[in-house]
Amino acid sequence: MHYSISVSGCDRTVICRDSDSLLTGLLRSNSRAVPAGCRGGGCGICKVRITSGEYEAGPMARCHISAEDQQKNIVLACRVYPRSDITLEVVGKLARRFNQAA
Ligand code: FES
């Protein structure tokens, strides 16, 4: 299955396979709308908030994503797989820079 991924403040929508993380799907489409670091859940740089859509989350280090964050749909884009069309916003350390660039 393929789903549409939209990043708040960014005009472009990309298509992501359900087997790819949101970050992988964005990078595969040459989108730089979300900051990318380790791509393995270790650095926390790809923190986003899912504003609409269904997803499946893999393990995420509590030092980056608290249980409270997860309840608010704040996740690591490199650890989340789409299960429907997704809309998200960048909320991590680089959110200001990325949201201004979009
Ligand atoms: S890119 Fe490092 S945690 Fe996602």
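First, some ground rules. What you see is a predicted model, where local features need pLDDT of at least 70 and side-chain atom pairs count only at pLDDT 80 or more, while totals for chains, interfaces and linings use all residues. Residues are numbered from 1 along each chain as its sequence is written, and side-chain values use heavy atoms, with hydrogens and water left out.

How confident is the predictor? That is what pLDDT tells us, residue by residue, on a scale from 0 to 100. The protein chain has a mean pLDDT of 92, with 97% of its residues at 70 or more. Confidence is highest in strand β6, residues 80-82, at 98, and lowest in helix α3, residues 95-101, at a mean of 70. Where pLDDT is low, the predicted coordinates should not be read in detail. By the way, helices (H or I, at least four residues) and strands (E, at least two) are DSSP runs, numbered from the N terminus.

Now to the sheet. Five strands form an open sheet in the order β2-β1-β7-β3-β5, and the pairing is mixed. At the edges sit β2, 13-17, and β5, 74-76, each pairing on one side only. On average, neighbouring strands of this sheet are turned by 40 degrees against each other, direction ignored; the axes behind that angle are lines fitted to C-alpha atoms, for helices over the stretch in contact, and angles run from 0 to 180 degrees between N-to-C directions. Two strands count as paired if DSSP finds at least two bridges between them.

Let us walk along those pairings. β1, residues 2-7, and β2 pair in the antiparallel sense over five bridges, with H2 opposite R17 in β2. Five residues lie between the strands of that hairpin, and G9 there takes a positive phi near 85 degrees. With β7, strand β1 pairs in the parallel sense over three bridges. In β7, S6 has T87 as its bridge partner, and V7 stands opposite L88. Then β3, residues 47-52, and β7, residues 86-90, pair in the antiparallel sense over four bridges, and S52 stands opposite T87.

What about the faces? In a regular strand the side chains alternate between the two faces of the sheet. Buried here means under 20% relative accessible area, exposed means over 50%, and partly exposed is in between, using a 1.4 Å probe and protein chains only.

A nonpolar core is a set of buried Ala, Val, Leu, Ile, Met, Phe, Trp, Tyr and Cys residues joined through side-chain atoms within 4.5 Å. The largest one has 26 residues, and those touching the most other members are I5, L22, V34 and L88. Elements giving two or more residues to this core are β1, β2, α1 (22-28), β3, β5, β7 and α3. The largest share, four residues, comes from α1. Take V34: leaving aside neighbours within four places in sequence, its contacts (heavy atoms within 4.5 Å) include V7, L23, C46, L88 and F98.

Two asparagines deserve a look. N30 has a positive phi of about 60 degrees although it is not a glycine. N30 lies in the loop between α1 and β3 and is exposed, at a relative accessible area of 59%. N73 likewise is not a glycine, yet has a positive phi of about 65 degrees. N73 is found in the loop between α2 (67-71) and β5 and is partly exposed, at 30%.

Finally, how many disulfides are there? A disulfide is a pair of cysteine sulfur atoms within 2.5 Å, and by this rule the count is zero. The sulfur of C16 is 12 Å from the closest cysteine sulfur, in C78, so it is too far for a bond. C16 is buried, with a relative accessible area of 1%, and C46 counts as buried at 2%. Thanks, everyone!

Terms used. pLDDT is the predictor's confidence in each residue, from 0 to 100.
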